[in-house]
Amino acid sequence: MKQLENMARWRNYPMGPTLQKLLGISQDQSKTGSARTLGEDEVQGFSDFLCEHFSKQQPDKYPDFSALLEELVAMRLPEAGLILYESCDFNIEGDFGAHLALGNLAMLAGRPATAEGFFLKANAINDKEIAPYTNLCQIYLQTERNDEALQWLRGGLAVEPNYRLLWEFAYEVFIALDK
């Protein structure tokens, strides 16, 4: 009964189509996408609801799982995304997008060591994508591992020489190394 009450409470919460499908909310029943500002308590309440829900029910198909991770990054619900990952038995080896999404979720959750592991695996899967380089550079700057930040900065610039964010990080890295 409580689950049904919770489901009704969150029916109009802005969410993506994969999450709607998993929760059994048809697009006709939802007003997803309505422009409104969400309060901190409302976001936390929805995250708590999803964490509980994901511990009991997960997607049956890998594409839904992978899409759901990306939706949870966009919704800025890191704890729910990490609980989903921990609750599922899907093998994400070789899936760049899943590793990147999980790294982003871990970053949002304030878990840089966990994020680092996912970004390193994403880079090992596809070293021509810029996102792992920028994220690893950011992690290493934040944790004052400046030599490692420089290594990932150089690697990223080799992949994408004109990537603005990396040039912004370059300034920070060189200032930090100069101290």
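Modeller: Let us begin with a pair of helices: the axes of helix α9 (residues 146-159) and helix α10 (residues 164-178) come within 10 Å and cross at roughly 150°. This is a predicted model, in which local features need pLDDT of at least 70 and side-chain atom pairs count only at pLDDT 80 or more, while totals for chains, interfaces and linings use all residues. Residues are numbered from 1 along each chain as its sequence is written, and side-chain values use heavy atoms, with hydrogens and water left out.

Colleague: What makes α9 roughly antiparallel to α10?

Modeller: The axes cross at roughly 150°, and angles over 145 degrees count as roughly antiparallel, whereas those under 35 are roughly parallel, those from 65 to 115 roughly perpendicular and the rest oblique; therefore α9 is called roughly antiparallel to α10. The contact, meaning heavy atoms within 4.5 Å, involves N146, D147, A149, L150, L153, G156 and L157 on the α9 side and L166, W167, F169, A170, V173, F174, A176 and L177 on the α10 side.

Colleague: How many nonpolar, polar and charged residues does the contact of α9 with α10 have?

Modeller: It has 12 nonpolar, 2 polar and 1 charged residues, where Ala, Val, Leu, Ile, Met, Phe, Trp, Tyr, Cys and Pro count as nonpolar, Asp, Glu, Lys and Arg as charged, and the others, Gly among them, as polar.

Colleague: What makes α8 roughly parallel to α10?

Modeller: Helix α8 (residues 131-142) packs with α10 at an angle of about 25°, their axes being 10 Å apart, and because that angle falls under the 35 degrees limit, the two count as roughly parallel. T134, C137, Q138 and L141 of α8 meet L165, L166, F169, E172 and V173 of α10, and these residues divide into 6 nonpolar, 2 polar and 1 charged.

Colleague: How do you know that the span of helix α3 agrees with its number of residues?

Modeller: The expected span is 1.5 Å times one less than the number of residues, so the 17 residues of α3 (residues 40-56) should span 24 Å, and the end C-alpha atoms, 25 Å apart, agree with that. Helix α4 (residues 62-74) can be set against the same rule: with 13 residues, α4 reaches 19 Å from its first C-alpha to its last, close to the expected 18 Å. The residue R76, which follows α4, has a positive phi, near 60°.

Colleague: Why is G45 called buried?

Modeller: Buried means under 20% relative accessible area, with exposed over 50% and partly exposed in between, for a 1.4 Å probe and protein chains only; G45 has 18% relative accessibility, so G45 counts as buried. G45 belongs to α3, where the buried residues also include F46, S47 and F49.

Colleague: What makes P78 buried?

Modeller: P78, placed in helix α5 (residues 78-87), has 14% relative accessibility and therefore counts as buried. Leaving aside neighbours within four places in sequence, P78 is in contact with L105, L108 and A109, and P78 and S47, 31 residues apart in sequence, are 8.3 Å apart in space, C-alpha to C-alpha.

Colleague: Why is N123 counted as buried?

Modeller: N123, in helix α7 (residues 112-125), has 10% relative accessibility, so N123 counts as buried. Not counting residues up to four places away in sequence, N123 touches P132, Y133 and W152.

Terms used
Axes are lines fitted to C-alpha atoms, for helices over the stretch in contact, and angles run from 0 to 180 degrees between N-to-C directions. Helices (H or I, at least four residues) and strands (E, at least two) are DSSP runs, numbered from the N terminus.
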